[in-house]
Amino acid sequence: MHDKTSDTILETRQLTKSFKGFTAVNDVNLRVQRGSIHALIGPNGAGKTTCFNLLTKFLEPTQGQILFNGQDITREQPAQIARRGIIRSFQISAVFPHLSVLENVRVGLQRKLGTAYHFWKSERSLNQLNEQAHHLLTEVGLQDFARETTVNLPYGRKRALEIATTLAMEPELMLLDEPTQGMGHEDVDRVTQLIKKVAAGRTILMVEHNMGVVSNIAHTITVLQRGAVLAEGSYAEVSGNPAVMEAYMGTTDGQLQGAH
Amino acid sequence: MNKTSKNILYGLLLLVLLAVPFIGIYPVLVMKLLCFALFASAFNLLLGYTGLLSFGHAAFLGGSAYVTGHALKVWGVPTEVGLLLGTLAGAVLGWLVGSLAIRRQGIYFTMITLALAQMLFFFCLQMPFTGGEDGLQAVPRGQLLGFINLGNDLTMYYVTLLITAAAFLLIMRIVHSPFGQILKAIKENEPRAISLGYDTQRFKLMVFVLSAALSGLAGSLKTLAMGFATLTDVHWTMSGSVVLMTLVGGLGTLSGPLVGAAVVIALENKLGEFGHLVASTTGIEWFNGLGESVTMVIGFIFVVCVLAFRRGIMGEVIALVERWRGKQA
Amino acid sequence: MATPALEIRNLQAWYGESHVLHGVDMVVQPGEVVTLLGRNGAGRTSTLRAILGLTGSRKGSIQSNGQELIHLPTHRIARHGIGYCPEERGIFASLSCEENLLLPPALKGSGKGMSVDDIYEMFPNLAERRHSQGTRLSGGEQQMLAVARILRTGAHLLLLDEISEGLAPVIVQALARMIKTLKSKGYTIVMVEQNFRFAAPLADRFYVMEHGRMVEQFDASQLNEKMPVLHELLGV
Amino acid sequence: MSALLSQLLLGLVNGSFYAILSLGLAVIFGLLNVINFAHGALFMLGAVLTWMGMNYLELNYWVMIVLAPLAVGLVGIIIERLFLRWIYKLDHLYGLLLTLGLTLMLEGVLRSAYGVSGLPYSAPISGATNLGFMIMPNYRGFVVLASLVVCLLTWYVIEKTKLGAYLRAGTENPRLVEAFGINVPLMVTLTYGFGVALAGFAGVLAAPVMQISPLMGQNLIIIVFAVVVIGGMGSILGTILTGLGLGIVEGLTKVFYPEASSTVVFVIMAIVLLIRPAGLFGKEK
Amino acid sequence: QDKVRIGFTTDMSSLYSDVDGKNGAMAIQMAIDDFGGKVLGKPVELLTADHQNKADIAASKAREWFDTQGIDVMIGGTNSGTALATAKVAEEKKKLYIVNGAGSSALTNAACSPYTVHYAYDTVALAKGTGGAVVKQGGKDWFFLTADYAFGHALETDTGNVVKAAGGTVKGAVRAPLNTSDFSSFLLQAQNSGAKILGLANAGGDTIASIKAASEFGINKSMKLAGLLMFITDIHSLGLKDTQGMYLTDSWYWDKDDASRAFAKKFFAKAKSMPTSIHAANYSAATTYLKAVAAAKTTDSDKVMAQLKSMEISDFFGKGRIRPDGRYVHDMYLLEVKKPSESKSPWDYMKVAATLKGEEVFTTKAESKCALWK
Ligand SMILES: Nc1ncnc2c1ncn2[C@@H]1O[C@H](COP(=O)(O)OP(=O)(O)OP(=O)(O)O)[C@@H](O)[C@H]1O
Ligand SMILES: Nc1ncnc2c1ncn2[C@@H]1O[C@H](COP(=O)(O)OP(=O)(O)OP(=O)(O)O)[C@@H](O)[C@H]1O
Ligand SMILES: CC(C)C[C@H](N)C(=O)O
Ligand SMILES: [Mg+2]
Ligand SMILES: [Mg+2]
């Protein structure tokens, strides 16, 4: 077994964010295990999205530290963090609508070539990436859509493409903010399965209100409330916790539990 | 349009351009046109392919025009050095304006470029080396590479054609390069490009500098061809013209700016004659005054383009060809 | 039978050149809660938007309480007592939470709207953040605000698009209670819901959409027998 | 010292023009999402109409100070109904280009009618007050006062009234505001009308101070753009203060380093962008 | 070539359009018509264009006309910037260029060319005329309000030299862009200099605007204004009340003699305003050119120029010769603006205070740097 530190891919220490006197994230100590799917849940306004924004440096923490693979990344820029392998997905679908599906993935792959600034090279030099791109598309089930212009894809497939592009970055840690929001049941299932699949060999930290999804794939769940950690553990542990029920799940009769 | 038919068209265009002096067209006018076609293409690199509307491109055209003019006239440097210095000046100015402007997005970006260019305008108005309102006049063309005498309009014409064609090829290459691919991505969805680890500000700055440098080349070439650099080149109306050229020709198409430049230059130079012609054929006296109403007509074209003709001439042509192909298929 | 609160006949709608509704028919009686089901992109949101004239262009007939609305501009339609809670919430950044709440003008001659105090009682989060800038609220808080906002005006026909989306289960339950209360007060409600379990116990009737058309329509009592169909259509 | 004070006062006069113009620009941009390039031309129209009213119809200035802004507002309403209406859905850039086109047309027409040189005009309030350090024409004092009053009124309406709340909301999501039962198209039309009427009003005020000419709005509008960038369009009060402040700074520059007076606003813009990219009063993002 | 073509570019729409403009073109056309419309048996044609005071437009128009229209001579309208630019093109193309509207003395001095004739007036003459008169009356402390381009600069330096030579001082100058809209802050700078005389080294619309602003700010009370180049049209739009008593120097005045009055009458009938000196010069220059062509029996530039420089010119505009440097030397006039009470009829605005001998007011051989006159 690894020792404890190398097993932790991401750690926050006393992470805090205040907005003009209102503390949205309060002294949060989070440890994400390498290779796990970690879910962040909690009532609305608990500070989940804010947490994500801090981790990717879209917001500046008021206090506290963020450690990635044991290194302090608290002071780094968003693009630097992305290059380290922490990639986040957005709540709205984030694709390049007028590029082809293949080109979308290639944009993700291209950075590694180191020719992104080479304005004198032919774009044919990018064809070497095609094989890898097809491979990624196959992984998310889009192999047959490679030549399609992205706008024409249905919603769920756009999400899949987004994930494929994200995978192209070879992320060590993926941050997903409500990945199934606004999806129909079929798509929810497809994306859930996809997340499970791509989680192999990677770490995923996700925010999700859909308890069905969370119970299905998350290894560890952290419940936030009013900016602070309320509970942490497996789904069984957390969902049985009375405090969590009261703050988040609501009635104990289970009628609406996992409402989606 | 597919590649071969496009190449055939470009080939034809080149043939026509090569033949210009022999078919009775005034080469000085065509030189001017070529310079502006290059200017518009450089501008389109920014607007059409990156989605950044700069309203300060006159600064690069004009700034470089002055630098080249001054270098040739006062320092007496060789012609090719003058052109190079002008292009360099365009790049440097582009870097200065660009690094300020890309701090803001959208319409603010546009206003900042406009304001900074206006600042350069006032600077040029006051600096003694620009000749103020009088401009730099009688800039010598000199000899290219020490043995090609540019004093002859014909020689100058072919040199201009050569340089603009080369620059145009470069622009084509930029658009279809790994770099161009990222630009497209930025235009489509900038936050996503950032999250994929691209420093989009640097890409934007770089394309801004490239566009400015090429605009600078256009300006230097223009000084050389016409023999002067004046405040007109740095005035904001010049920035407006280049937007119009690109818009009329077709945003984001490679050939659009060429067509657009031709239309606008022809309009500015020949509207009066055209007015007289219409007046004499229709007998409506009003058209005789058309030449004085160039601004009005240009304004009108702007309005029409925005309201009804946003794809521009080449955009429409391409769409037409595509529809026609669709029917065939 | 009374005049329907909403009667839609052969409604067609376009976004620019793309034709999204191909002849929607739907009738809602006063006091009814009706749920629109369908896959992503089936056209449910577009139906609600078309009722208010928010799509590009539209054709057909939309009557509310016997009055034809199709030729009216959006703001006049709203004044017929239609309250709309959009899918994307539409909270205004330049207005505070409370200003957002007070923004929609109260309808003339209807005293049915909820008071601000009632609303704050129902959504304590909002009371707490009332002076915050609208878009600084969390996703869920914004959702609450979006619903709360139209309860104040006295609109009697509510068009709710995915209101349970992105809300914690506790809040979803609170919303369910709220819909029941509203129903008991005589509001007519058209809900678009992805969340079948949320909608199922509340609705009197269901419509199922596919490709811009209504393909199924049934009562709550028929729910069980229709499950297989729903399963096929929606994957529920 | 007296040079300083007198240039300061003159700067304040210019600042008042910046303030009214950038205010109108901000209001229009807010609701219509259009950078109204035509603002300069409509400013000019206000001045030219005043001249025309006084010369052809023999109306007096005080009639024109009411009539001309109304007329310009009306022109604005027509422009909005006829042209702008069709481009709201499009990228910002088209709004800018459309209004630029309108500007060129308007300037072109008046230019062929009047040429580009100044039309003769004299101040309606004659006399001057000897302030000790300078002789200040009374009319210029009136300009400062009048524009301040108008600016503050506008600020009050937008920030403190229900109407203002509609306006601010409409700025963000007009379709939704309309779905709440508010007649947004009318509001948009009137807002544009009002915004350009402000420009027209500035034009009337400017007529006796500047030379009336078809091109009088051209250079001004670009400075006003810079003012807007410096202030950041987020706040009405900020816009007003920035306008006045920059006028004064310009005045000061004329004393200390006259060569820079025409560029100082742009230099300040560059500095502000380096320190606060969103502008002095702008909100981040 | 079957026609003799004269080209004329001037400001037809901007601040100098009253001074020359369309009526300037009309004066040339009058001259052609009066000459019979033909020379050497070929019809004479006039081409005109508005250069909008922009040197680049003027230069490229001239180049295009020389290259494609077979223009034999250019007559230059207002604005020294455009004139210097056109003169360069004409020199390169070896074609005649006769300057009327522009004033910069550089045209026949530092920038002289074998193809340029400077016909009407120049800044040196203005400086010696008006500047000399004002200094003589005791106005020794000067401050200049200068139009920021070739003409303004030339006028400022030339007048400054005259003032200093007469024992006066120049306390400073402020340069305002061409076609400035608001002169107030420039005027305040002038006032703060403490000088007694404000030399307006500008023209046309700029002069009008600065005189008006000066009276608005009460500057005309503490300083005396000297309009260094003013035209009758300027007096006309300012009115006698604001201008009475001012001195100005000009090359011609419509009321100076019978021949002039006759021309003015004919001109007025067409233009509905009195001719300025530039209008008169345009007529005279065109006529002189046509005479020279007729005498040289060719339109060849060098031969016509030789003819021009060798012939005696004498008409209602003036009498004299064209010097080797291209300067047409004729008498100038120091004019004084009448009081409103003295003005008998419309456009009766000035009286001749002194006639200035051409040899004395124009650049002297000693002052000249022109290589053609050595
Ligand atoms: N920029 C901001 N300024 C002020 N308050 C903010 C800001 N951003 C978020 N907040 C507040 O911080 C709290 C946490 O917000 P956050 O968006 O993190 O919640 P969340 O857990 O993602 O909720 P949800 O599940 O509803 O999306 C909320 O009460 C919100 O109003
Ligand atoms: N503004 C728009 N422009 C063009 N097409 C649109 C627009 N909005 C929606 N559509 C298209 O109209 C169709 C119906 O969309 P609609 O939003 O009504 O679906 P929905 O049933 O509400 O689905 P969802 O679950 O995604 O909200 C879809 O194909 C969508 O792509
Ligand atoms: C006609 C004049 C006003 C022109 C001026 N003298 C110049 O040389 O520019
Ligand atoms: Mg959230
Ligand atoms: Mg929907």
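1. C:T45 is a buried residue, with a relative accessible area of 15%. That value falls under the 20% limit used for the term. The model is a predicted one, and every value in this note is computed from it. C:T45 belongs to helix 1 of chain C, which covers residues 44-51.

2. What coordinates the magnesium ion, ligand 5? Two residues of chain C do: C:T45 through OG1 and C:E87 through OE, at 1.8 to 2.4 Å. C:E87 sits in the loop between strand 6 (82-85) and helix 3 (97-102) of chain C, so the pair ties together parts that are 42 residues apart in sequence. While C:T45 is buried, C:E87 counts as partly exposed, at 37% relative accessibility.

3. The two residues that hold the magnesium ion, C:T45 and C:E87, are also listed with C:N40, C:R44 and C:S46 as the closest to ligand 2. In total, 14 residues surround ligand 2. A polar side-chain atom of C:T45 is 2.5 Å from an oxygen atom of ligand 2. For C:E87, an N or O atom of the side chain lies 2.4 Å from an oxygen atom of this ligand. C:G43 contributes through its backbone, with an N or O atom 2.9 Å from an oxygen atom of ligand 2.

4. Which chains surround ligand 1? Its surrounding residues come from chains A and C, so the site is shared between chains. There are 18 such residues, and the closest are A:K48, A:T49, A:T50, C:R136 and C:G140. On the chain A side, an N or O atom in the side chain of A:T50 is 2.5 Å from an oxygen atom of ligand 1. A:A46 has a backbone N or O atom 3.2 Å from an oxygen atom of the ligand. From chain C, a backbone N or O atom of C:R136 lies 2.8 Å from an oxygen atom of ligand 1.

5. Chain A has an open sheet of 4 strands in the order 2-1-4-5, with antiparallel pairing. Strand 2 (22-33) and strand 5 (71-72) stand at its edges; each has a single partner strand, so one side of each is left without a neighbour in the sheet. Strand 5 is joined to strand 4 (residues 63-68) by 2 bridges, and these two strands run antiparallel. The bridge partner of A:F68 in strand 5 is A:Q71. Helix 2 of chain A (residues 48-55) lies across strand 1 (8-19), strand 2 and strand 4, and runs at about 115° to strand 1.

6. Leaving aside residues up to four places away in sequence, A:V32 touches A:D7, A:T8, A:I9, A:L10, A:H38, A:T203 and A:L205. A:I204 is 172 residues from A:V32 along the chain, yet their C-alpha atoms are separated by 8.7 Å.

7. In chain E, 7 of the 7 residues of strand 1 (residues 4-10) are buried, so this strand is largely enclosed by the rest of the structure. Both of its faces are covered. E:V4, E:I6, E:F8 and E:T10 are buried on one side, and E:R5, E:G7 and E:T9 on the other. Strand 1 runs parallel to strand 3 (residues 42-50), to which 7 bridges join it; E:F8 has E:T48 as its bridge partner there. Another 4 bridges join strand 1 to strand 4 (residues 73-76), again in parallel, and E:I6 has E:V73 as its bridge partner in strand 4.

8. B:T4 lies in helix 1 of chain B, residues 3-19. At 55% relative accessibility, B:T4 counts as exposed. B:T4 and B:A59 are 55 residues apart in sequence, and their C-alpha atoms are 37 Å apart in space.

9. Between chains, 6 pairs touch, and chains B and D have the most contacts among them. Chains B and C do not touch, and their nearest C-alpha atoms are 15 Å apart. Chains A and D have no contact either; their closest C-alpha atoms lie 12 Å apart.

Methods. Residues are numbered from 1 along each chain as its sequence is written. Chains are lettered from A and ligands numbered from 1 in the order in which they are written. This is a predicted model: local features need pLDDT of at least 70, side-chain atom pairs count only at pLDDT 80 or more; totals for chains, interfaces and linings use all residues. Side-chain values use heavy atoms; hydrogens and water are left out. Two strands pair if DSSP finds at least two bridges between them. Contact means heavy atoms within 4.5 Å. Axes are lines fitted to C-alpha atoms, for helices over the stretch in contact, and angles run from 0 to 180 degrees between N-to-C directions. Donors are N, O and S atoms within 2.8 Å of the metal (3.2 Å for Na, K and Ca); water is not among the atoms, so sites may look incomplete. Buried means under 20% relative accessible area, exposed over 50%, partly exposed in between (1.4 Å probe, protein chains only). A residue is near a molecule or strand if one of its heavy atoms lies within 4 Å of it. A polar contact is a pair of N or O atoms within 3.5 Å; within protein, one must be able to donate a hydrogen and the other to accept it, and residues adjacent in sequence count only if both atoms are side-chain atoms.
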